[in-house]
Amino acid sequence: MAKNLFVGYNERDTFLHRLSGSTKLIGFVSLSIIGMLTFDTRFLLGIFLFSVILFWKSKIKFSEISFILKVIIAFAIFNIILVYVFSPSYGMSIYGSQHMIFGDPNHFFNLSWEELLYLFNVMLKYTFAVPLALVFLLTTEPSEFAASLNKIGISYRISYSVEITLRYIPDVQRDYRTISLAQQARGYEISKKANLMTRAKGAIQIILPLIFTSLDRIETVSQAMSLRRFGRHNKRTWYMARRFKMADYLALFLILLIVIIGITLFKVNNGRFWNPFK
Amino acid sequence: MSNKNRSVQTVVATGIGAAIIFVLMKFIAIPTGISNTQVNVAEGFLPLLAAIYGPVAAGLAMFIGHSLNDFVTYGSPWWTWVIVDGLVGVAFGLFKRQLDIQSGKISAAKLVLFNVYQIVVNFIGWVLLAPTGDILIYHEPASKVYLQGVVTWLLNSASVAIIGTILLILYAKTRTKRGSLKKEK
């Protein structure tokens, strides 16, 4: 179980692994922002395909990600159903036309082509960034990540915080397991068998020791870092930082191109939606 | 303690705080049946982090912890909620001085005041900001996101009221009370 919960970096030699972390970070953030804003189905399909191709090129094995994929698909389907149930005619009000599949536009429950297109858009928006995120997570070494954050202009203190988070998640996770087993041995029930109140009590008995040991750890680590004069200067260098190479500039150019296409489409469509019903 | 030391402590508290939030979100979340909303234990940890280390650490830790959790669970962060969660952390941190937990004395009046404050903060965050962001950015139907918002508001407030208050009281007990030492005559 422990293995499946956290997808992590895997050493391989593909062009995606060789790209610098900063390039991948800029790529992921800008593509996910433009994809978040647009409702142009063609464009969303385009970046979806693009990210699937990248994923395929990164040679990530399916077994590495099958668990997280199941969760994501379940989440997306559940959300789509919810979006539909709460407002079945929302698509028609967005596109301003009515092409019914069945039902009456005046009744609450109906289905129109507009709604289907809208739901398809939502589905794409939930999923298009997933291959990108997985590529990013599995091809970027965690210690290079902080260096990349700093390189794209985020203060090194914040970058270092992120680094500490990534470094300490396994530790906190291990502490959590140990404490949880110890408390269960003492008779606190936290499994599904118990009712909500018992589970809540059990949860508190676990998080108390977990939080108080972690507060001690914050103390220790920050003293160690002060002793090493962390935060003395306004800048710092990173052992794991990589210089931009030709491939990075090419990749950044490609990303810029995609973003420009996305922005142009806002103009062409007169807004964020692409409307084929006009 | 000098300013330099405090800034180092903020960096570390942000990092480790985010790691704790991540683990709490991933392991101890009790689902409610309405999608993407759960009884969030991590939310209950936030007031303590905010009361000890202040707005910057609490806000950033929540932001980092939440986005990492979204990252590995859903593939990409749901930015509107992540940002609102960060802002809630900042808002809790602004109450640090009033709470003054390091003094070791935490009266019932202070706790009541804090709980009123947190319920208002959560209301602004989850009922006003987050759903509005979802409508503007993600174009989701209003009825769906407002329902999610209201449920999250209730659950998060409850989590802070119960777990948060317990943690604050217990932490205050571990501090040496100010003025507890007297000069021998």
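This is a predicted model: local features need pLDDT of at least 70, side-chain atom pairs count only at pLDDT 80 or more; totals for chains, interfaces and linings use all residues.
Good morning, colleagues. Let me begin with chain A. Its secondary structure comprises 12 helices and two strands. Read along the sequence, the elements follow the pattern α-α-α-α-α-α-β-β-α-α-α-α-α-α. How does the radius of gyration of chain A stand against the globule rule? For 278 residues the rule gives 19 Å, and chain A has 24 Å, well over that value, so chain A is more spread out than a compact globule. Along its principal axes, the C-alpha trace of chain A spans about 65 × 60 × 35 Å. As for burial, 34% of the 278 residues of chain A count as buried. If we take the contacts in chain A between residues at least 6 apart in sequence, 74% of them join residues at least 24 apart.

I turn now to chain B. Here we find six helices and two strands, and from the N terminus on they are arranged as α-β-β-α-α-α-α-α. The radius of gyration of chain B is 17 Å, which agrees with the value near 16 Å that a compact globule of 185 residues would have. The C-alpha atoms of chain B fill a box of roughly 70 × 35 × 25 Å along the principal axes. Buried residues account for 55% of the 185 residues in chain B. Among contacts in chain B between residues at least 6 apart in sequence, 73% connect residues at least 24 apart.

Next, the place where the chains meet. On the side of chain B, 45 residues are in contact with 49 residues of chain A. Which helices of chain B each supply at least two residues of the side that touches chain A? They are helix 1 (3-27), helix 2 (41-74) and helix 6 (142-174). Helix 1 of chain B gives the largest share, with 19 residues. By class, the side of chain B that touches chain A divides into 30 nonpolar, 11 polar and four charged residues.

Let us stay with helix 1 of chain B and select one of its residues, Ala13(B). Is Ala13(B) buried or exposed? Ala13(B) has 28 other C-beta atoms within 10 Å, and the threshold for burial is 20 or more, so Ala13(B) is buried. Leaving aside neighbours within four places in sequence, Ala13(B) is in contact with Leu49(B), Tyr53(B) and Ala57(B), and also with Ile218(A) of the other chain. Gly54(B) is 41 residues from Ala13(B) in sequence, and their C-alpha atoms are 9.8 Å apart in space.

Finally, I return to chain A for a pair of helices. Two packed helices are described by the angle between their axes and the distance between the axes. In chain A, the axes of helix 4 (residues 41-57) and helix 7 (residues 113-127) come within 10 Å and cross at roughly 30°. An angle under 35 degrees counts as roughly parallel, and helix 4 of chain A is therefore roughly parallel to helix 7 of chain A. The crossing of helix 4 of chain A with helix 7 of chain A is left-handed. From helix 4 of chain A, Thr41(A), Leu44(A), Leu45(A) and Phe48(A) take part in the contact; they meet Leu117(A), Phe120(A), Asn121(A), Leu124(A), Lys125(A) and Thr127(A) of helix 7 of chain A. By class, this contact has six nonpolar, three polar and one charged residues.

Thank you for your attention.

Note on methods:
Residues are numbered from 1 along each chain as its sequence is written. Chains are lettered from A and ligands numbered from 1 in the order in which they are written. Axes are lines fitted to C-alpha atoms, for helices over the stretch in contact, and angles run from 0 to 180 degrees between N-to-C directions. Helices (H or I, at least four residues) and strands (E, at least two) are DSSP runs, numbered from the N terminus. Angles under 35 degrees count as roughly parallel, over 145 as roughly antiparallel, 65 to 115 as roughly perpendicular and the rest as oblique. A crossing is left-handed if the near helix is turned anticlockwise from the far one by less than a right angle, and right-handed if clockwise. Two residues are in contact if their C-beta atoms, placed from the backbone, lie within 7 Å. Ala, Val, Leu, Ile, Met, Phe, Trp, Tyr, Cys and Pro count as nonpolar, Asp, Glu, Lys and Arg as charged, and the others, Gly among them, as polar. The radius of gyration is taken over C-alpha atoms; the globule rule is 2.2 Å times the number of residues to the power 0.38. A residue is buried if 20 or more other C-beta atoms lie within 10 Å of its own, exposed if 12 or fewer, and partly exposed in between; C-beta atoms are placed from the backbone.
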